[in-house]
Amino acid sequence: MIRLEALTKIYPSSHGGAASVDRVSFEVGAGETCVLLGPSGCGKTTTLRMINRLVAPTSGKVFIDGRDTSAVDPVELRRTIGYVIQQIGLFPNMTVAENIGVVPRLLNWDRPRMRRRAEELLAMLALEPAEFLDRYPNELSGGQAQRVGVARALAADPPVLLMDEPFGAVDPVNREVIQDEFLRMQKSLRKTVLFVSHDIDEAVKMADRIAIFRAGRLEQYAAPDELLGRPANDFVAGFVGSDRTLKRLRRITVGDVMSPPDAASAPDAPAVAPGDDLRRVVTLFLERGVDVLRCVDAGGRLVGVVTRKAVAARLAAPANGNGPGAPLR
Amino acid sequence: METLTFILHNLPAIGERTVEHVSIVSVAVGFAILTGVPLGIAITQSQRTADTVLYLGSIVMTIPSIALFGVLIPLLSKIGQGIGYLPAVIAAMLYAQLPIVRNTYTAIRNVDPALRSAAIGMGMSTSQRLFRVEIPIALPVIIAGVRIAVVINIGVTAIAAYIGAGGLGTFISRGISQTDVRQLITGALALALLAIAADYALLWLQRRMTPKGAAARAG
């Protein structure tokens with residue numbers, strides 16, 4: 001669990017210096033993914049870098065699992081926090097295995113253990129270990145390098161992961177793939193992740209909670225569904241875009257809006273699964289011109305129905321933190 | 001033909017002079033590496049210090065070696081070492097500083113800031129970052145500086161024959177004073193071969209020390 005308390009960074013300048021980060025406070029629960037979102041220069045990266053103390057806060061505190069990080073040696077602190085940056089920063093003088101082994105080596109793991117860990121992580125990130133362990137970073141594609149960057153951050157199994165626009169340098173097609181892989185991995189790893197992005201779509205896809213910044217201030221901190229459904233002010237509404245209702249569809253599942261099957265449910269209505277999101281539901285409504293869908297489980301058994309009315313009702317009443325957009329605990 | 005006969009008759013002497021020459025150059029470059037590399041790394045911390053140090057280094061390079069030997073004679077006479085081995089080593093070391101300091105400085109400065117930030121962010125201490133990341137990446141460029149220093153020093157040491165330091169320059173200085181073309185050519189030839197051999201040996205080392213990942217990217 002990470003708690004920020006009135007975290008502030010003021011860079012001194014000739015005219016007094018404005019705050020780059022101004023009294024930012026929020027809390028990220030263990031195992032949650034929090035996306036720091038905002039236009040460039042809004043202080044999101046500075047906030048992230050104050051958590052592993054690459055930037056020293058002017059005032060305010062960061063607590064990780066209740067422990068005040070300013071009381072910990074910064075070098076020791078950083079070894080317990082995974083760090084991924086947009087430029088990836090794989091060391092060109094080291095192989096993939098050695099890059100992944102950087103933090104384990106700092107923690108004095110023995111060689112066989114480092115090697116095993118590297119193999120395990122590559123396999124988890126869909127890279128064939130035998131093929132990649134002894135490659136050098138310049139022999140990797142952008143997407144592969146970014147996966148190795150994530151593997152390196154996870155090497156010593158840190159409970160906290162900081163990611164600074166980690167997929168920003170990857171082309172859009174591969175970005176989707178890596179995002180999906182990361183989500184799948186995060187489902188089982190349950191790291192506490194702070195993720196900087198300037199892309200609202202990425203944020204809605206990845207986040208349990210979104211912290212939206214403007215000019216060093218935290219404008220809103222909410223689950224994606226709430227942020228999209230109830231933007232706190234005009235800035236947030238403008239940033240998330242006029243199509244924010246469409247964006248919400250991604251994070252609401254059929255299971256959230258379905259009602260029990262009744263005798264009247266049309267046997268020939270198109271079928272969806274409880275895990276499908278509302279984008280699929282709305283697509284079917286429009287394409288097939290229907291008002292009701294059948295919801296069937298993996299075994300083909302009818303478990304419920306989804307109506308246009310139910311979807312409209314769900315969109316009209318945004319979740320308030322406990323809804324489906326909220327963190328899964 | 002005469003020169004060839006001279007060379008064949010004087011092989012042991014040529015060998016001895018070569019050993020003297022190599023000893024002066026290697027001791028001078030050795031000390032220059034020990035001082036120049038840390039200096040080059042240290043000055044990356046401050047632009048102003050770096051400018052000053054590199055400027056001083058450039059000034060040293062403009063002093064003709066024969067003049068530098070002249071300056072060193074009265075200074076080192078005080079400890080009874082005005083001529084011979086010591087002033088030769090000191091002068092050679094001074095000339096070796098600039099290429100080594102400058103190349104080290106440039107190489108460390110040019111390490112991608114993203115790598116530095118990744119290294120710090122992962123919890124490397126300053127010395128770990130230096131020895132595991134920055135120096136290995138900078139090494140080929142540092143060795144290139146050493147190559148330049150060695151070649152310069154082979155030339156400087158040739159002049160040192162005039163202050164009694166020995167080395168292959170002895171053949172040239174004697175060849176001139178005795179108007180003996182055989183000795184002149186022998187000295188010049190041996191120096192040229194030594195410089196080429198040293199250059200190639202260090203080029204080989206430079207390639208070997210280039211991180212595999214960096215080499216292919218450069219190529």
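**Figure 1. Surroundings of D291(A) in the predicted model.** Leaving aside residues up to four places away in sequence, D291(A) touches T307(A) and R308(A). The model shown here and in the following figures is predicted. D291(A) sits in the loop of chain A that runs between α14 (278–288) and β12 (292–296). T307(A) is 16 residues away from D291(A) along the chain, and the C-alpha atoms of the two are separated by 5.8 Å. D291(A) counts as exposed because its C-beta neighbours inside 10 Å number 12, and the exposed class takes in residues with 12 or fewer.

Figure 2. The contacts of V160(A), not counting residues up to four places away in sequence, are with I2(A), I64(A), I81(A), G82(A), K191(A) and T192(A). Between V160(A) and T33(A), which are 127 residues apart along the chain, the C-alpha separation is 10.0 Å.

**Figure 3. Positive phi values at D65(A) and N108(A).** Most residues other than glycine have a negative phi. D65(A), a residue other than glycine, has a positive phi near 50°. The loop that holds D65(A) lies between β4 (59–64) and β5 (67–68) of chain A. D65(A) is exposed, since 12 other C-beta atoms lie within 10 Å. N108(A) is likewise not a glycine, and its phi is positive at about 60°. N108(A) is placed in the loop between α4 and α5 (111–124) of chain A. With 6 other C-beta atoms within 10 Å, N108(A) is exposed.

**Figure 4. The contact between chain A and chain B**. Chain A contributes 18 residues and chain B contributes 20 residues to this contact. On the side of chain A that touches chain B, the elements giving two or more residues are α2 (74–79), β6 (81–85) and α4 (102–106) of chain A. Sorted by class, this side of chain A has eleven nonpolar, five polar and two charged residues.

**Figure 5. The two assigned domains of chain A**. The domain assignment gives domain 1 as residues 2–248 of chain A and domain 2 as residues 252–316. A distance of 35 Å lies between the C-alpha centres of domain 1 and domain 2 of chain A.

**Figure 6. Overall arrangement of chain B.** Chain B has ten helices and zero strands. Along the sequence, its pattern reads α-α-α-α-α-α-α-α-α-α. Taken along the principal axes, the box filled by the C-alpha atoms of chain B is roughly 65 × 40 × 25 Å. Chain B has 219 residues, of which 39% count as buried. Of the contacts in chain B between residues at least 6 apart in sequence, 75% join residues at least 24 apart.

**Figure 7. Packing of helices α4 and α5 of chain B**. Two packed helices are described by the angle between their axes and the distance between the axes. Helix α4 of chain B (residues 65–77) and helix α5 of chain B (residues 85–109) have axes that come within 10 Å and cross at roughly 130°. With this angle, α4(B) is oblique to α5(B). The crossing of α4(B) past α5(B) is right-handed. From α4(B), residues S65(B), L68(B), F69(B), L72(B), I73(B) and L76(B) meet L86(B), P87(B), I90(B) and A91(B) of α5(B). The residues of this contact comprise nine nonpolar, one polar and no charged.

**Figure 8. Packing of helices α2 and α9 of chain B**. The axes of helix α2 (residues 11–42) and helix α9 (residues 181–209) of chain B come within 12 Å, and the axes cross at roughly 50°. This angle makes α2(B) oblique to α9(B). α2(B) passes α9(B) in a right-handed crossing. Which residues make the contact of α2(B) with α9(B)? I14(B), T18(B) and H21(B) belong to α2(B), and T186(B), A190(B) and L194(B) belong to α9(B). By class, three residues of this contact are nonpolar, three are polar and none is charged.

Notes: Residues are numbered from 1 along each chain as its sequence is written. Chains are lettered from A and ligands numbered from 1 in the order in which they are written. This is a predicted model: local features need pLDDT of at least 70, side-chain atom pairs count only at pLDDT 80 or more; totals for chains, interfaces and linings use all residues. Axes are lines fitted to C-alpha atoms, for helices over the stretch in contact, and angles run from 0 to 180 degrees between N-to-C directions. Helices (H or I, at least four residues) and strands (E, at least two) are DSSP runs, numbered from the N terminus. Angles under 35 degrees count as roughly parallel, over 145 as roughly antiparallel, 65 to 115 as roughly perpendicular and the rest as oblique. A crossing is left-handed if the near helix is turned anticlockwise from the far one by less than a right angle, and right-handed if clockwise. Two residues are in contact if their C-beta atoms, placed from the backbone, lie within 7 Å. Ala, Val, Leu, Ile, Met, Phe, Trp, Tyr, Cys and Pro count as nonpolar, Asp, Glu, Lys and Arg as charged, and the others, Gly among them, as polar. A residue is buried if 20 or more other C-beta atoms lie within 10 Å of its own, exposed if 12 or fewer, and partly exposed in between; C-beta atoms are placed from the backbone. Domain bounds come from an automatic or database domain assignment.
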